[in-house]
Amino acid sequence: MRIHLIRGMSNSYLVDDGTLIDAGAKPAAVLAKAREAGINIKAIIITHYHVDHVRYARDLKRETGAEVIAPALDADVIRGKARPRAPNPLVAAFMALAKAPGVDVDREVMDGEEIMGYRAIHMPGHTPGSTAYLKEDALFSGDAVVERGGGAALPPKMFSLDINEARRSLAKLAGLGISTIYPGHGDPFPAASLSKLIVK
């Protein structure tokens, strides 16, 4: 499995199976990488509803014809049919101003479902539906866990609905045989650094 990191508002990961994880990178950059790597984008998998992860989903769906797959609990916000929940009034005001264009969600996923070889792992706390996706030994974590200082870190507290729930969610990752985590922000890092965050 070859994984291409494309940086943008958040990281987007283009996988050689035709999957794009998150839509935070500009379409021109994503499409250029797809052409260079000879990849036909068939699916756009979203980890959660924050604007930096869905900003270009509608444009990329239009350009590629890919289906959009998203967590069931976040899907209506991604469609533009519901308001995102915010942890405080300041963040609520920011979200109201920095909205992503709504995009049709073709398939909603729940915890434990598998699609195109990716297992959905519901990891609430950052958003209600925040979901990581596991394929082989690679975990695409969105903001459920991010990289800071070369290792695992919790998502920013200011933008998380419940940081304690986000921490508890990490326990779901224990024992899954993950070798590398591909986060929504920062660089990919070894999964071994998760141990310092997992609540027993």
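This is a predicted model: local features need pLDDT of at least 70, side-chain atom pairs count only at pLDDT 80 or more; totals for chains, interfaces and linings use all residues.
**Pocket, rings and sheet**

Q: What makes a residue part of the lining of a pocket?
A: A lining residue has an atom within 4 Å of a pocket point. A pocket is an open set of points on a 1 Å grid over the protein atoms alone, where a 1.4 Å probe fits, with protein on both sides within 12 Å along at least five of seven lines. Here 26 residues line the largest pocket. Tyr 49, Val 51, Pro 84, Met 95 and Ala 98 lie nearest its centre.

Q: Why is the pair of Tyr 13 and Tyr 182 called edge-to-face?
A: Rings of Phe, Tyr and Trp (its six-membered ring) pair if their centres lie within 6.5 Å; planes under 30 degrees apart are stacked, over 60 edge-to-face, the rest tilted. The centres of Tyr 13 and Tyr 182 are 5.5 Å apart and the planes stand at 80 degrees, so the pair is edge-to-face. The two residues are 169 residues apart, in strands S2 and S13. Strands (E, at least two residues) are DSSP runs, numbered from the N terminus.

Q: Why is the pair of Phe 140 and Tyr 182 called stacked?
A: Their ring centres are 5.3 Å apart and their planes at 25 degrees, so the pair is stacked. Ring pairs link Tyr 13, Tyr 118, Phe 140 and Tyr 182 into a cluster.

Q: How do you know whether Tyr 182 is buried or exposed?
A: Buried means under 20% relative accessible area, exposed over 50%, partly exposed in between (1.4 Å probe, protein chains only). Tyr 182 has 15%, so Tyr 182 is buried. Phe 140, at 0%, is buried, and so is Tyr 13, at 2%.

Q: What makes S1 and S6 edge strands?
A: The open sheet has 6 strands in the order S1-S2-S3-S4-S5-S6. Two strands pair if DSSP finds at least two bridges between them. S1 and S6 each have a single partner strand, so one side of each lacks a neighbour in the sheet.

Definitions and conventions. Residues are numbered from 1 along each chain as its sequence is written. Side-chain values use heavy atoms; hydrogens and water are left out. Helices (H or I, at least four residues) and strands (E, at least two) are DSSP runs, numbered from the N terminus.
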